[in-house]
Amino acid sequence: MHVIERKVQTLLQAMTLAEKIGQMTQLNAEVGVADSAIKQRVRDGMLGSVLNLVDGPRATELQRIALHESRLGIPLLIGRDVIHGFQTVMPIPLGQAATWNADLVRAGARCAAEEAAQCGVNWTFAPMIDIARDPRWGRIAESLGEDPVLASVLGAAMVAGFQGDDPAVPGSIAACAKHFVGYGEAESGRDYATTNVPENELRNVHLQPFHAAVQAGVLSLMTSFSDIDGVPATANRKLLDDILRKEWGFDGLVVSDWDSIRQLAVHGLTDGDRGSAFEAATAGVDMEMQGDAYFNHLHALVEDGVVAESVIDRAAGNILRVKMRLGLFERAADTLPKSSASVSQHALDVARQSALQSLVLLKNDNGCLPLSAESLTSLAVIGPLADDAYEQLGTWIFDGDPARSMTPLAAMQALVGDAVAIHACRGLRDTRSGDQSGFEAALETASICDATVLFLGEESILSGEAHSRADITLPGAQADLIHRLQALGKPLVVVILAGRPLALSNIVDDVDGLLYAWHPGSMGGPAIADVLFGVESPSGKLPVSFPRVLGQVPIYYNHKHGGKPPTPETWVHMDDFPARAPQTSLGMTAFHMDVHYTPLFPFGHGLSYAKFVYSDLQIEPNAPTMDDAISISVSLQNNGEVTADEVAQLYVRDLVGNVTRPVRELKTWQRMQLEPGESRRVHFKLSIDDLSFCGRELRRIVEPGEFHVWVGGSSTASLHGEFRLREAPTEKT
Ligand code: GLC
């Protein structure tokens, strides 16, 4: 038996039932919470973990008590939401997903782990890898977008960054894949709302990133608050035991979400804490976050013979295993946590690179971008988000340090302030304000300048947990400000900082350039300035579809084909209906009469200052058998005049399946840099397993048949090829 397993079993045998249940509880220990009560619980061996303790001396004291004053000296897990940075802040995860750069995402997570570990944190509640297709949902900001493959690869990269090659080395912290599972399907995008996800969809979409995280060695998972097909995740034995433990072989720990065990009674699944403790413990939740249902009821449930002690042993054993894999028994004593992490130039450099590659250029009419410091004499920089060191950090930045931020205004002044007269003006008090009294000053400023850059969007509080919106247009009077500035007839570039895709149909025609910056983190300023002035080319690609209007939601690229799909030929806007059009004369297909059936900006979209051309798609073999790997290659040329990165994306469609299959599915991609004029042959490999899916029998299968392939710079790529997968190798001639 592995050394750690032996230690786990030995320790379990030495523990009382009360001490094992103590390990299964976690309490909030933020400043102001009853310190003495928590210290006593630790001293009595009745607490396995705390969260929100980032005060170095307090963390040191609590670990000291755990190690030296409790009977068995079991160290504490100290958890914190280190979601996209600690004090140095990376772009929000949705922005990091726009980089399509796993190495960079991993580096960002590593920086976050190393800063958090300095303050005593040894467990983060990240990555959040819920598949998110609904921009009304505030938590789309902390997701990695709508695609299961992109979320799988980048989520696994975050796990690798947080946990390092060895979770036991200083600077590594335990990761926590959350929220298991299907949370992003919350009805109407309202957080915590009901989800109903058929098992086939769960397996083909929502479970994929979690399986990838488990395969990447994630040490913990967190259950979702949500009700899934009538059984809340926190009591869902099929998910937590059948799939997670039995099918996937996960042997880390499962933690509830905040008080989600007691909420089982609120859901109406149980009639109180005793029933909730029973349901969660027997389903497979090892640790209760910030609640005492376990502490108050599990002992009696075991004494009464309702819960077997083996259930407690399994849960406590999973917790001890994670603590041992983290090396806590060895290193908890020697780390002297601080109250603030030292500023690291490396972390700032990673934050800047991540922000740069997260920026998505959505529109660039008449080549209005990049701006030229040589030809511009003056520039108006307007808007409430041009110079706000805090708001650019985004949601879930409990420990983010705005003092480390550089804002877009400051960065532009530093970059071109000697050559270009920059005139700044807020125009609006904040993004929600309807007060237009600042417009005159803004218009006056713009009228005396050669061009205007307008920084709009959402403050960080307008996305994140419990911050869903039913209207996803620009809040307040921002659209009015755009219209007024556009009427001046001067070049107008809008930079949007937001935690979600916004519905931009009402402004997109009024702007010459449109750059999406998400919430870009500490170094968003220099990244945006470098792109605006052409020091760097934008290279971000959308990890989520942008609807034209909310009424299209949910709208995502990897949708099913349907039996009567809309086509360019059949769609006609209702304003163009002929008078008394006969009932069946307008194309009986799946569309809205008042909005085109495509998104405003599709998944994978992002413009560049270069001009990338794809050609000559080759597939080898073009009639593969189940034993073959499939090689796909294209030629990619930079026909532009600047060096730039491109994300070449490969999509596949399985034409016929024993369940209906999406019209396109991202399978892999490559990010690469090409010089002006450079041409390169880009090679991709597809394994037969890449073509597998969960069929009607709820097992992963691969079926022979026709497959279509596209390669390009977005999910609407047109360069196309086909192959036919054969059942078995025919006699080789
Ligand atoms: C919150 C979130 C979860 C977070 C936890 C601790 O309610 O749902 O993502 O990690 O509580 O803050």
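1. Cys-176 stands opposite Ser-220 in S6. The pairing behind this is that of S5 with strand S6 (residues 220-223), which is parallel and runs over 3 bridges. The model is a predicted one.

2. The sheet that holds these strands is open and has 3 strands, ordered S5-S6-S9, with parallel pairing. Its edges are strand S5 (176-180) and strand S9 (253-255); each has a single partner strand, so one side of each has no neighbour in the sheet. On average, and ignoring direction, neighbouring strands here are turned by 25° against each other.

3. Helix H9 (residues 208-215) lies across S5 and S6. Relative to S5, helix H9 runs at about 155°.

4. Strand S17 (residues 612-620) pairs with S18 in the antiparallel sense, over 7 bridges. Within S18, Ser-635 is the residue opposite Ser-615. S18 is also joined to strand S21 (residues 679-686) by 8 bridges, and these two strands run antiparallel. Here Ser-633 has His-683 in S21 as its bridge partner.

5. Is strand S18 (residues 630-638) enclosed or open to the outside? Of its 9 residues, 7 are buried, so S18 is largely enclosed by the rest of the structure. The cut-off for buried is under 20% relative accessible area.

6. In one, helix H1 (residues 3-14) packs against helix H14 (residues 309-325) at an angle of about 130°, the axes being 9 Å apart. H1 and H14 are therefore oblique to each other, and their crossing is right-handed.

7. On the H1 side the contact is made by Ile-4, Glu-5, Lys-7, Val-8, Leu-11 and Leu-12. These meet Asp-313, Ala-316, Gly-317, Leu-320, Arg-321, Met-324 and Arg-325 in H14. By class, the residues of this contact are 7 nonpolar, 1 polar and 5 charged.

8. In the other packing, helix H16 (residues 345-358) and helix H20 (residues 524-532) cross at roughly 45°, and their axes come within 8 Å. That angle makes H16 oblique to H20. The crossing of H16 and H20 is right-handed.

9. H16 contributes Arg-352, Ala-355 and Leu-356 to its contact with H20. Their counterparts in H20 are Gly-524, Pro-526, Ala-527, Asp-530 and Val-531. The residues of the H16 and H20 contact divide into 5 nonpolar, 1 polar and 2 charged.

Notes
Residues are numbered from 1 along each chain as its sequence is written. This is a predicted model: local features need pLDDT of at least 70, side-chain atom pairs count only at pLDDT 80 or more; totals for chains, interfaces and linings use all residues. Side-chain values use heavy atoms; hydrogens and water are left out. Axes are lines fitted to C-alpha atoms, for helices over the stretch in contact, and angles run from 0 to 180 degrees between N-to-C directions. Helices (H or I, at least four residues) and strands (E, at least two) are DSSP runs, numbered from the N terminus. Angles under 35 degrees count as roughly parallel, over 145 as roughly antiparallel, 65 to 115 as roughly perpendicular and the rest as oblique. A crossing is left-handed if the near helix is turned anticlockwise from the far one by less than a right angle, and right-handed if clockwise. Contact means heavy atoms within 4.5 Å. Ala, Val, Leu, Ile, Met, Phe, Trp, Tyr, Cys and Pro count as nonpolar, Asp, Glu, Lys and Arg as charged, and the others, Gly among them, as polar. Buried means under 20% relative accessible area, exposed over 50%, partly exposed in between (1.4 Å probe, protein chains only). Two strands pair if DSSP finds at least two bridges between them.
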